[in-house]
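Please report on the packing and the backbone of this model. Keep the account brief and residue by residue.

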Amino acid sequence: KWRNAKSVKLTRIELPIIVDGTTAENAFQAGNIDVNQTPTPPVDTPKWKKTKFWKVFKALGTYFYGFNVKSITDVNQRRAMAFAIDRTQIVRYITQAGQAPARGFTPDGIAGGPTITKNSSMPAKAQRAKAREFMSKVRNPKRDIELYMNNSPGHVKIATAVQAFWKELGLDVSLKVMEWAQYLQFLGPPPNSDVDVYRLGWIYDFPDAYNGLVLWLGDSGNNNTNWKNAKYDALVKKAEKTPNDAARHKVYQQAENILTGPSGQLPIMPIYWYTFTALVK
């Protein structure tokens, strides 16, 4: 009963699931698929951006790194590592698809986003002096860092850049790449004790900040950080009982502040806010 149904000429739609970016790209080039929503390999992104097929859509989602707080226990080290990352370079030279450096975990496009991320302190560009200052406050820094990710070329490129950023802090970073199913088992929760830092992303199921903030409850099955905070949990629970949008957004802002604010505990460090890309004929 769609208003424009008479204009639809298709009699059949096939939706093949192709998880590998290069395979999907080849299928699109060969004419076997008409729309490719599998992310293209970063090395090919500049080529596709010059064509009429390239489409970019804003998304509600966050690409982030998580800490195992039982391994990297000092918040000053977590803050130093977060401030050493140059998010602008990552989105400009690696992802190249219009992503925005993340100031906090909650995407700016969420209703109330500017209010919620008001105090978020993740810098768009690396603040090396401040990162070194944070690091100088750490009594027993963890120097050998195991950084885990699943096996996608884009994740490895980002991790290689982060490895270089953290080397400036005197950290020796080893990159550990795993198959997706094995990777999820390794992260738990709780994460394997070998995990110091890991990469994940979250695309929102519905457009409310609650859907992201609930991940970091102490008993959440998505919380792979070993971090628990009773005050944070109480704020998220309070938001559940706050039907007024403006009032609820203020509660979200208090919770986000505990995550990514100037005095936040940083069990996670947001990297960028997602976009969706597609190749469309």
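Predicted model: local features only at pLDDT ≥ 70, side-chain atom pairs only at ≥ 80, totals over all residues.

Residues are numbered from 1 along each chain as its sequence is written, and side-chain values use heavy atoms, with hydrogens and water left out.

**Nonpolar cores**

A nonpolar core is a set of buried Ala, Val, Leu, Ile, Met, Phe, Trp, Tyr and Cys residues joined through side-chain atoms within 4.5 Å. Buried means under 20% relative accessible area, exposed over 50%, and partly exposed in between (1.4 Å probe, protein chains only). The largest such core holds 69 residues. Tyr65, Trp166, Val197 and Trp216 have the most contacts inside it. Helix α7 (residues 153-167) gives the most to this core, with six residues. Helices (H or I, at least four residues) and strands (E, at least two) are DSSP runs, numbered from the N terminus.

Which residues does Trp166 contact, leaving aside its neighbours within four places in sequence? They are Tyr65, Met81, Ala84, Ile85, Ile145, Leu147, Leu171, Val173, Val197 and Met269. Contact here means heavy atoms within 4.5 Å. A second, separate core has seven residues, including Ala27, Phe28, Trp48 and Ala97.

**Helix pairs**

Axes are lines fitted to C-alpha atoms, for helices over the stretch in contact, and angles run from 0 to 180 degrees between N-to-C directions.

| Pair | Axes come within | Crossing angle |
|---|---|---|
| α10 (residues 230-240) and α11 (residues 245-260) | 9 Å | roughly 160° |
| α3 (residues 75-84) and α6 (residues 128-136) | 8 Å | roughly 165° |
| α4 and α7 | 10 Å | roughly 140° |

Angles under 35 degrees count as roughly parallel, over 145 as roughly antiparallel, 65 to 115 as roughly perpendicular and the rest as oblique. With axes crossing at roughly 165°, α3 is therefore roughly antiparallel to α6. α10 and α11 are also roughly antiparallel to each other.

A crossing is left-handed if the near helix is turned anticlockwise from the far one by less than a right angle, and right-handed if clockwise. α10 passes α11 in a left-handed crossing. On the α10 side, Lys231, Tyr232, Leu235, Lys238 and Ala239 make the contact. They meet Arg248, Val251, Tyr252, Gln254, Ala255, Ile258 and Leu259 of α11. By class, this contact has eight nonpolar, one polar and three charged residues. Ala, Val, Leu, Ile, Met, Phe, Trp, Tyr, Cys and Pro count as nonpolar, Asp, Glu, Lys and Arg as charged, and the others, Gly among them, as polar.

α3 passes α6 in a left-handed crossing. From α3 come Asn76, Gln77, Arg79, Ala80, Phe83 and Ala84, and from α6 Lys130, Ala131, Phe134 and Met135. The contact of α3 with α6 divides into six nonpolar, two polar and two charged residues.

The crossing of α4 and α7 is right-handed. Here Gln89, Ile90, Ile94 and Thr95 in α4 meet Lys157, Ile158, Ala161, Val162 and Phe165 in α7. Six nonpolar, two polar and one charged residues make up the contact of α4 with α7.

**Backbone features**

Most residues other than glycine have a negative phi, and most peptide bonds are trans. The bond from Gly188 to Pro189 is cis, with omega near 15°. A cis peptide bond also joins Pro189 and Pro190, with omega about -5°. Pro189 lies in the loop between α8 (180-187) and β6 (197-203), and Pro190 is in the loop between α8 and β6.

Gln96 is not a glycine, yet has a positive phi of about 55°. Gln96 sits in the loop between α4 (87-95) and β3 (100-101) and is buried, at 16% relative accessible area. Leu266, also not a glycine, has a positive phi of about 45°. The loop between α11 and β7 (268-280) holds Leu266. At 1% relative accessibility, Leu266 counts as buried.

**Two single residues**

Is Thr38 buried or exposed? At 16% relative accessibility, Thr38 counts as buried. Thr38 lies in the loop between β1 (35-36) and α2 (45-49). Beyond its neighbours within four places in sequence, Thr38 contacts Ile18, Val19, Asp20, Gly21 and Ala24.

Phe276 belongs to strand β7 and is partly exposed, with a relative accessible area of 41%. Not counting residues up to four places away in sequence, Phe276 touches Lys55, Val56, Phe57, Lys58, Ala59 and Ile203. Phe276 and Pro39 are 237 residues apart in sequence and 8.3 Å apart in space, C-alpha to C-alpha.
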